[in-house]
Amino acid sequence: MRKLRRDDLYSLEEYAVARDDFRARVMEHKKNRTVAIGDHVTLYFEDRLTMHYQVQEMLRVEKIFEARGIDEEIASYNPLIPDGANWKATMMIEYPDPEHRAARLRELVGIDTKTWVRVGEHPRVYAISNEDLERTTAEKTSAVHFLRFELSPAMVAAAADGGIEAGVAHDHYTVSTKLPEAARQSLLGDLDA
């Protein structure tokens, strides 16, 4: 999947006009790329369109219009665009009550590396996590992690025909789910067939 370049982006003025339609398109696209793993973990599978939206929103909020600042935002988000043999996801650990969430984040240290995907009958692929910076200490984990799932050529080929599962195999949170067909179809677009 091609990475973002400056000429792919709207100017701030163009984005002000296009934002509502673009946002609606991205939100519809994200529906098929959002996978709940149990009640408290959600994977948001990223791709070029979701990262395009993130960059546009950052430029808008920060009022960045100079080339250097735009290039810095692109460089920050391009690593979350799949490379053709992997899936990349933002993982959110969600507990509404702040005290309960803090307690769970202490229990869930290491959850990012215990999160996995599985294509068909192939073995689980555990996430490579937080390549940008460490988000876990010995005492607690973060509520947000950035994950990469590297697939073998056989897994890439099998994804076109086989089911895809995602799960977590942590001592304090073990659950898995089969991805709906619409999600599987969307994730196929991230792979070089």
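**Structural briefing**

In S7, the residue that stands opposite Ile-128 is Arg-148. The structure described here is a predicted model. Its strands include an open sheet of five and an open sheet of four, and its helices include H1, H2 and H3, treated below as packed pairs.

**The five-stranded sheet**

- The order of the strands in this open sheet is S1-S2-S3-S7-S6, and the pairing is antiparallel.
- Strand S1 (34–37) and strand S6 (128–129) form the edges, each of them pairing on one side only.
- Strand S7, which covers residues 144–150, runs antiparallel to S6 and is joined to S6 by two bridges.
- Within this pairing, Ile-128 faces Arg-148 of S7, and Ser-129 has Leu-147 of S7 as its bridge partner.
- Strand S3 (residues 86–93) also pairs with S7 in the antiparallel sense, here over seven bridges.
- Met-91 stands opposite His-145 in S7.
- In a regular strand, side chains alternate between the two faces of the sheet.

**The four-stranded sheet**

- A further open sheet has the strand order S5-S4-S8-S9, again with antiparallel pairing.
- Its edge strands are S5 (125–126) and S9 (173–178), and each pairs on one side only.
- Six bridges link strand S8 (residues 164–170) to S9 in the antiparallel sense.
- Glu-165 has Lys-178 in S9 as its bridge partner.

**Helix packing**

- Two packed helices are described by the angle between their axes and the distance between the axes.
- Helix H1 (residues 12–31) and H2 have axes that come within 10 Å and cross at roughly 145 degrees.
- The crossing of H1 and H2 is left-handed.
- On the H1 side, the residues in contact include Leu-12, Tyr-15, Phe-22, Val-26 and Met-27, as well as Arg-19, Arg-23 and Arg-25.
- On the H2 side, they include Leu-49, Tyr-53, Glu-57, Leu-59 and Arg-60.
- Sorted by class, the contact of H1 with H2 has eight nonpolar, five polar and six charged residues.
- Helix H2 (residues 48–62) also packs against helix H3 (residues 67–77), at an angle of about 145 degrees and with the axes 10 Å apart.
- The crossing of H2 and H3 is right-handed, whereas that of H1 and H2 is left-handed.
- From H2, Met-51, Gln-54, Val-55, Met-58 and Leu-59 meet Ile-70, Glu-73, Ile-74 and Tyr-77 of H3.
- The contact of H2 with H3 has seven nonpolar residues, one polar and one charged.
- Gln-54 and Leu-59 of H2 take part in the contact with H3 and also in the contact with H1.

**The largest pocket**

- Rolling a probe the size of a water molecule over the atoms shows where empty space is left.
- The largest pocket holds about 250 Å³ of space.
- Its lining is made by 14 residues, and those nearest its centre are Pro-79, Leu-80, Glu-131, Asp-132 and Phe-146.
- The elements that give two or more residues to this lining are H3, S6 and S7.
- Strand S7 gives the most to the lining of the largest pocket, with three residues.
- By class, the lining of the largest pocket has six nonpolar, three polar and five charged residues.

Terms used:
Residues are numbered from 1 along each chain as its sequence is written. This is a predicted model: local features need pLDDT of at least 70, side-chain atom pairs count only at pLDDT 80 or more; totals for chains, interfaces and linings use all residues. Side-chain values use heavy atoms; hydrogens and water are left out. Two strands pair if DSSP finds at least two bridges between them. Axes are lines fitted to C-alpha atoms, for helices over the stretch in contact, and angles run from 0 to 180 degrees between N-to-C directions. A crossing is left-handed if the near helix is turned anticlockwise from the far one by less than a right angle, and right-handed if clockwise. Contact means heavy atoms within 4.5 Å. Ala, Val, Leu, Ile, Met, Phe, Trp, Tyr, Cys and Pro count as nonpolar, Asp, Glu, Lys and Arg as charged, and the others, Gly among them, as polar. On a 1 Å grid over the protein atoms alone, a cavity is a set of points where a 1.4 Å probe fits but cannot get out, and a pocket is an open set with protein on both sides within 12 Å along at least five of seven lines; lining residues have an atom within 4 Å of a point. Grid points are joined across faces, edges and corners, and a volume is the space filled by probe spheres set on the points.
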